Amino acid sequence: MSYEIEWDDGDPTGRVQKYDMVAVNLEPDDDDLGVGQRVFFPQGSYGATEGNNTGGRRYHEGIIDNVEDVDGRKVYSGHHLRGDDDGKWVTYRQYNYRFHDLSKVQLRVAPNAMDVLMDTKKLHG
């Protein structure tokens with residue numbers, strides 16, 4: 001299962017993505033986040049290229065390994081799911097294997113297969 005995407009930055013490349021590698025740009029529910037949850041987290045940015053895109057923030061696939069309550073709000077920490085051995089580019093200036101103390105506002109969650117099937121059923125009756 002895959003989605004065809006129109007990226008916010010106008011980039012025409014990489015538009016067909018597996019369903020579990022895409023997240024809607026919405027804050028996840030509290031129930032969607034916890035230790036062991038796969039998330040997309042922001043780290044780094046990219047610049048615009050003429051005629052291709054406007055630039056933006058980079059999101060990476062990671063996993064939450066710690067949840068803490070800081071002054072009455074939950075913060076999430078974790079690490080990248082993929083590294084150099086997986087062919088991931090890890091030499092960019094803003095790379096860090098770990099992410100720390102992100103709020104749920106900063107995280108995104110991919111749909112599960114059942115969500116995708118239900119959306120498809122709604123679209124095609």
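1. The sheet. Four strands form an open sheet in the order β3-β4-β5-β6, with antiparallel pairing, where two strands are taken to pair if DSSP finds at least two bridges between them. The edge strands are β3 and β6, each of which pairs on one side only, and the twist averages 40° from one strand to the next, with axes being lines fitted to C-alpha atoms (for helices over the stretch in contact) and angles running from 0 to 180 degrees between N-to-C directions.

2. Basis of the model. This is a predicted model, in which local features need pLDDT of at least 70 and side-chain atom pairs count only at pLDDT 80 or more, whereas totals for chains, interfaces and linings use all residues. Residues are numbered from 1 along each chain as its sequence is written, and side-chain values use heavy atoms, with hydrogens and water left out.

3. Overall make-up. The secondary structure of the chain comes to 1 helix and 6 strands, arranged along the sequence in the pattern β-β-β-β-β-β-α; helices (H or I, at least four residues) and strands (E, at least two) are DSSP runs, numbered from the N terminus. Of the 125 residues in the chain, 27% are buried, where buried means under 20% relative accessible area, exposed over 50%, and partly exposed in between (1.4 Å probe, protein chains only). Among the contacts in the chain with a separation of 6 or more, 51% are between residues 24 or more positions apart, a contact meaning heavy atoms within 4.5 Å.

4. Pairing within the sheet. The antiparallel strands β3 and β4 are joined by 7 bridges, and in this part of the sheet phenylalanine 40 stands opposite glutamate 61 in β4. Between β4 and β5, also antiparallel, there are 8 bridges; here valine 67 has tyrosine 76 in β5 as its bridge partner, and glycine 62 stands opposite histidine 80 in β5. The hairpin of β4 and β5 has 2 residues between the strands, and within this hairpin aspartate 71 takes a positive phi near 55°.

5. Strand β5 and its other neighbour. Strand β5 (residues 73–80) pairs with β6 in the antiparallel sense over 3 bridges, and the bridge partner of glycine 78 in β6 is phenylalanine 99. β5 is mostly covered, with 6 of its 8 residues buried.

6. The loop between β6 and α1. Serine 103 lies in this loop, and it counts as buried because its relative accessible area is 15%. Not counting residues up to four places away in sequence, serine 103 touches Arg73, Lys74 and Tyr76. Valine 109 also lies in the loop between β6 (98–102) and α1 (113–124). The C-alpha atom of valine 109 is separated by 8.6 Å from that of leucine 26, although the two residues are 83 residues apart along the chain. Leaving aside its neighbours within four places in sequence, valine 109 is in contact with Ala23, Pro28, Asp32, Leu33, Gln37, Arg38 and Val39.

7. The loop between β2 and β3. Aspartate 20 has its place in the loop between β2 (16–18) and β3. Its C-alpha atom and that of serine 2, which is 18 residues apart from it along the chain, are separated by 8.2 Å. Not counting residues up to four places away in sequence, aspartate 20 touches Arg38, Phe40 and Ala110.

8. The largest pocket. About 1,200 Å³ of space lies in the largest pocket; a pocket here is an open set of points on a 1 Å grid over the protein atoms alone, where a 1.4 Å probe fits, with protein on both sides within 12 Å along at least five of seven lines, and lining residues have an atom within 4 Å of a point. Grid points are joined across faces, edges and corners, and the volume is the space filled by probe spheres set on the points. The lining consists of 30 residues, of which Trp7, Met21, Arg57, Arg58 and Tyr59 lie nearest the centre of the pocket.

9. Composition of that lining. β3 (38–46) and β4 (56–70) each supply at least two residues of the lining, and the largest share, 6 residues, comes from β4. The lining divides into 11 nonpolar, 9 polar and 10 charged residues, with Ala, Val, Leu, Ile, Met, Phe, Trp, Tyr, Cys and Pro counted as nonpolar, Asp, Glu, Lys and Arg as charged, and the others, Gly among them, as polar.
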